[in-house]
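Student: I am new to this one. Please take me through a single part of it closely.

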Amino acid sequence: MTQPLIKITNLEGGYGDIKILNGVNIEVPEKSIVTIVGPNGAGKSTIMKAIYGIARVTAGSATIMREGKEINILATKPYNLSKIGIGYVPQIENIFVAMTIDENLDVGYIPETGKSLEELKESMYVRYPDLVSRKKDRAGQLSGGQRQMLALARALMSAPDVLLLDEPSAGLAPALVDQLFDELVRINNSGVTILMVEQNARRALEISTYGYVLDMGKNRHEGAGADLAVDPAIVGIYFGKRNQG
Amino acid sequence: MAEFIQLLFNGLVEGSIFGIAALGISLVYSVLRLVNFAAGDFLTLSAFTTYFFSVDLHMPLVIAVLISVVIGVVISLFLEFLIWRRLRKSGAGMLALFLVATGVAFVLRQSIALTFGSNSRKFNIDQIKTFEFLGAQIAQAQLVVLCCASIAITSIAIFIKKSVIGKNMRAYSDSPSLAAVSGINVQRVIIATWCISGAFGALAGVFQGTVQGQFTSGMGLDLLLSILAAVVLGTIGDAYGALIGGFVLGIVMELSTWSAFFGGIPSTYKPVVAFSVLVIVLLFKPEGIFGVKARRI
């Protein structure tokens with residue numbers, strides 16, 4: 001494997017005195033989709049929160065390759081992560097409900113993209129035409145599927161080349177889940193590397209280049225996404241019957 | 001009729017001052033979850049500093065007001081770095097913040113009294129000059145205050161609605177956790193909030209000192225109740241609501257003294273009207289006149 005775009009090495013940390021991550025290693029190659037799965041409490045989301053300074057990091061490192069140089073993600077201020085090309089869609093509270101759809105996109109924009117605000121907004125409305133007629137509505141009035149599209153659009157407004165997604169399919173109706181994963185593939189095809197954490201493990205792994213199974217805050221298994229998705233041992237132990245559909 | 005016009009105009013003037021002061025409080029609450037009880041004394045401070053620069057040091061009034069606005073901003077930022085930031089880091093709750101804000105109010109008020117004494121002051125402006133409008137007597141000072149306040153209100157409303165910082169402030173108030181992970185520099189938002197609150201508190205103080213004619217070190221505290229009533233009336237944390245709440249309250253307080261209205265109440269009881277409005281709103285419509293239960297600016 002060539003030098004990965006994002007490399008997380010022996011990451012340890014948690015919240016306050018509670019340790020959740022006990023040495024996690026993740027590599028995300030450029031233009032890939034990498035999914036982290038695992039049972040509840042395995043620490044999947046904590047990895048993302050550690051990157052954004054919400055969870056405490058006690059050991060380990062996380063770096064991103066930029067123009068041949070490794071940049072320390074953990075030492076970068078959370079509000080500067082979008083400037084080094086990282087976008088993030090949290091699981092809950094991922095849109096500004098009291099602001100309009102248009103304003104949500106405004107807030108996601110940063111001048112460092114090199115494109116104008118109007119240009120980027122226009123491309124989002126082309127991508128998500130459902131949002132056009134609702135530009136002036138408050139984001140809180142959107143349906144679940146539209147919310148998730150807006151959340152993606154908001155994160156894409158900073159023109160990231162890496163997107164971190166925390167359980168993007170959580171709370172979506174089954175039909176919308178398919179739509180969402182199709183959309184993630186489309187975003188990935190446009191050149192955006194995706195690192196996601198998912199409960200809907202099988203479906204997520206099917207579209208993933210590579211997958212990691214996390215347990216008790218540690219790497220347990222890893223492999224190509226398509227292989228992990230059908231691996232009977234893993235399906236049985238970690239995904240449960242609920243997610244096999 | 002002339003009396004009605006007169007009271008309506010007085011109400012507009014007073015309401016614009018309430019609105020400006022309420023906006024600062026509401027903005028600080030929406031962004032920092034802090035009810036700034038010291039806001040009233042910021043009004044007093046700017047009235048006194050304006051007096052000091054314009055009367056004692058013979059500077060032009062406009063310059064004195066500008067310096068006072070700068071002082072208001074600087075002290076607000078000083079307190080942010082000295083007190084509020086540390087309290088937030090230590091995870092202080094609403095009650096702790098409330099107690100500290102009350103303490104800050106006491107220190108500020110007594111410092112003003114110590115520095116400037118307890119005598120009442122008066123700006124060096126023509127209080128006598130009036131115009132007649134539909135039978136009502138409109139003082140030049142009132143007119144100037146209303147114009148300046150309207151400009152300030154319009155500019156801040158546009159700023160919050162359209163500017164990048166304004167949008168970031170609304171985003172942060174909507175969801176601090178999402179704002180922090182979507183490229184918004186939270187510290188900058190907080191600093192902008194204190195700047196606006198400090199500047200608007202200072203303006204409100206000068207305006208109130210002008211309209212009132214004479215003022216003492218208790219001026220801000222006397223006004224605080226009415227300002228808080230305007231904040232609650234306009235939905236706490238809603239900046240536009242605070243402006244409207246201010247106007248509604250100002251007009252209601254003035255009209256309550258109208259003789260055609262059950263003979264009108266004596267004007268010394270106007271604060272009772274503010275207090276009644278506060279109690280009624282809290283009892284029957286605690287989410288404020290806009291009735292939106294979700295928080296917004």
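Student: Which residues in helix 2 of chain B meet which residues in helix 9 of chain B?

Tutor: Keep in mind that this is a predicted model. Start with the helix 2 side of chain B. B:Ala39, B:Gly40, B:Asp41, B:Phe42, B:Leu43, B:Thr44 and B:Ala47 make the contact there. Facing them from helix 9 of chain B are B:Met219, B:Gly220, B:Leu221, B:Leu223, B:Leu224 and B:Ile227. By class, this contact has 9 nonpolar, 3 polar and 1 charged residues.

Now the geometry. Two packed helices are described by the angle between their axes and the distance between the axes. Helix 2 of chain B spans residues 39-56, and helix 9 of chain B spans residues 219-233. Their axes come within 7 Å. They cross at roughly 140 degrees. Angles over 145 degrees would count as roughly antiparallel. Helix 2 and helix 9 of chain B are therefore oblique to each other. The crossing is right-handed.

Next, step out to the place where the chains touch. In chain B, 17 residues are in contact with 20 residues of chain A. Two elements of chain B give two or more residues each to this side: helix 6 (164-174) and helix 7 (176-181). Helix 6 of chain B supplies the largest share, 5 residues. The side of chain B that touches chain A divides into 7 nonpolar, 6 polar and 4 charged residues.

Last, the partner. Chain A has 8 helices and 10 strands. Its radius of gyration is 17 Å, close to the 18 Å that the globule rule gives for 245 residues, so chain A is as compact as a globular protein of that length. Buried residues make up 44% of chain A.

How values were computed
Residues are numbered from 1 along each chain as its sequence is written. Chains are lettered from A and ligands numbered from 1 in the order in which they are written. This is a predicted model: local features need pLDDT of at least 70, side-chain atom pairs count only at pLDDT 80 or more; totals for chains, interfaces and linings use all residues. Two residues are in contact if their C-beta atoms, placed from the backbone, lie within 7 Å. Helices (H or I, at least four residues) and strands (E, at least two) are DSSP runs, numbered from the N terminus. Ala, Val, Leu, Ile, Met, Phe, Trp, Tyr, Cys and Pro count as nonpolar, Asp, Glu, Lys and Arg as charged, and the others, Gly among them, as polar. Axes are lines fitted to C-alpha atoms, for helices over the stretch in contact, and angles run from 0 to 180 degrees between N-to-C directions. Angles under 35 degrees count as roughly parallel, over 145 as roughly antiparallel, 65 to 115 as roughly perpendicular and the rest as oblique. A crossing is left-handed if the near helix is turned anticlockwise from the far one by less than a right angle, and right-handed if clockwise. The radius of gyration is taken over C-alpha atoms; the globule rule is 2.2 Å times the number of residues to the power 0.38. A residue is buried if 20 or more other C-beta atoms lie within 10 Å of its own, exposed if 12 or fewer, and partly exposed in between; C-beta atoms are placed from the backbone.
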